[in-house]
Amino acid sequence: MDQAFDVIVIGGGAAGMMSAGTASKRGKKVLLLEKNSGLGKKLRITGGGRCNITNHTLNTRELLKKYGQAEQFLFSTFAAYDVAATLDFFQALGLSTKTEAEGRVFPASERAEDVAHTLEKFLKQTGVTVKTNVTVRKILTENGVVTGIRTSEGILTAGSYILATGGTSRPDTGSTGDGYTWLQEIGHHVTTPTPSLVPIEVTEKWVAGVAGVSIQDTHITIYQNDIPFRKAIGKVLFTHTGLSGPGILNMSQDIGDSLAHGPVEIKINTLPSQNEEAILEFLRQLHTKHANKMIKNILADLVPTGLVLPILNQAGIEAERLVNSITRQERHLLISSIRGLTLHVRKLLGPEKAIIASGGVSLKEIDFKTMRSLIYSNLFIIGDLLDINRPSGGYSLQLCWTTGHVAGTNC
Ligand SMILES: Cc1cc2nc3c(=O)[nH]c(=O)nc-3n(C[C@H](O)[C@H](O)[C@H](O)COP(=O)(O)OP(=O)(O)OC[C@H]3O[C@@H](n4cnc5c(N)ncnc54)[C@H](O)[C@@H]3O)c2cc1C
């Protein structure tokens, strides 16, 4: 690589691609380095392959509440590039979007691939030089500036460096935490990342039979010692070993913390579309309409088939009992079980399954107007490397678009 570059971006994920294209559009000569053979490997698996690009919260103050303690740092960054700007960006590049429940924005095609292609198009249009299969090994510094980077292709230099190597979740996508190591080596403070939005493994083996089944907008309650300590409404997705989906992911950190103090149970309403009274009325009517049918067959019309036996087991009712033999007391047990199917948490899955890892570089060491390091004047740090916690819902990628754009504008 004999060309001279103004900016080197390390990491070709969402944040790196956004920053590289933005800088190049300003006339900077930009080199984007990626160790994988292609760009955006993680981006392509986001949102279950559909990519929840952002959250349609156009009021920035409202949006920033989702970033917890980082809110105070992010005002100037989002004032420069907000959700509306992000939607305009994708629209201008020809990517149509649609908004679903809880403001989640997806590509209209429902293909995460299309989001990655759109960013690749942006890099091409703006003239970024992209080098894949290049691994960065070390950041070289002297007297408060970065002087170069050691890579698998030798030492490379530029005027500015944008660090966008991601966190530690799903290391198979390339996010192996290299950036954290380098930042610590050169004197930045990094909180050790731990899996944050992460699926749950449960002891119930029957979940394997309902893997892929999801329940939208349902009540989820977490119990310890029979005391409910956290309630939420959200989507639950059954997996081969347990539970996932935004509703569960957003509670995973609390679940993990509580597990340290003893067993944790999760109760899920398997029929959120009906209130208690409506289900009771339905069950009462069965006595006259379907007296000689088996309860398991009737229940299959109400809840996903794979949940019928677990629900009946929990209620202590044999699956083959005839409807007219179910007592009033059993009807009430059945309703409790339908509205509070209980699962026992075995553990949280590890970083290899996490959506994000909490932890990262201390926010006090970044100028959020520019995303510049306060220790190294020509170093910019963006995306998942930052110590910012956020829920599921498009907030992680929005952070990448915003911090990427701001770094690309100021490098
Ligand atoms: C399964 C899953 C689903 C998700 N779904 C969503 C969603 O729908 N919506 C949402 O908002 N967020 C979602 N997220 C989170 C979101 O994907 C991340 O917040 C985002 O991708 C982070 O982007 P990034 O650019 O900071 O880092 P990354 O995407 O991790 O990119 C970093 C890049 O740097 C490269 N790199 C690392 N080290 C080196 C090195 N030494 N040399 C060269 N290159 C290097 C890596 O190979 C990688 O390509 C999801 C995450 C996962 C795991």
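1. A backbone N or O atom of Val136 lies 3.0 Å from a nitrogen atom of the ligand. The model is a predicted one, and the distances and areas in this note should be read with that in mind.

2. For Ser175, a polar side-chain atom is 2.6 Å from a ligand oxygen. For Leu397, a polar backbone atom is 2.8 Å from a ligand oxygen. On its own the ligand has 1000 Å² of accessible area, and the protein covers 96% of that.

3. The shell around the ligand numbers 35 residues. Glu34, Ser175, Asp178, Asp384 and Leu397 are the closest. Four helices each supply at least two shell residues: α1 (14-25), α2 (46-49), α7 (178-185) and α14 (395-410). Of the contributions to the shell, that of α14 is the greatest, at 4 residues.

4. Helix α10 runs over residues 276-289, 14 residues in total. From first C-alpha to last it reaches 20 Å, close to the 20 Å expected at 1.5 Å a residue.

5. Which residues of α10 are buried? They are Ile279, Leu280, Leu283 and Leu286. These residues lie on the same side of α10 because they cover an arc of only 110° around the axis. Their packing partners are α11 (295-299) and α13 (328-339). On the face turned away from this buried side, α10 carries the exposed residues Thr288 and Lys289.

6. Val323 belongs to the loop between α12 (308-315) and α13. Setting aside residues up to four places away in sequence, Val323 touches Leu286, His287, His290, Ala291, Lys293, Met294, Ile295 and Ile298. One of these, Leu286, is also among the buried residues of α10.

7. Ser24 sits in helix α1, one of the helices that supply the ligand shell. With a relative accessible area of 8%, Ser24 is buried. Beyond its neighbours within four places in sequence, Ser24 is in contact with Val30, Thr126, Gly127 and Val128.

Note on methods
Residues numbered from 1 in each chain as written. Predicted model: local features only at pLDDT ≥ 70, side-chain atom pairs only at ≥ 80, totals over all residues. Heavy atoms only, no water. Expected span 1.5 Å × (residues − 1). Buried < 20%, exposed > 50% of the residue type's maximum accessible area, 1.4 Å probe, protein only. Arc of directions from axis to C-beta. Contact = heavy atoms within 4.5 Å. Near = heavy atom within 4 Å. Polar contact = N/O pair within 3.5 Å; in protein donor to acceptor, adjacent residues only side chain to side chain. Areas by Shrake-Rupley, 256 points an atom, 1.4 Å probe, with all protein chains shown as cover.
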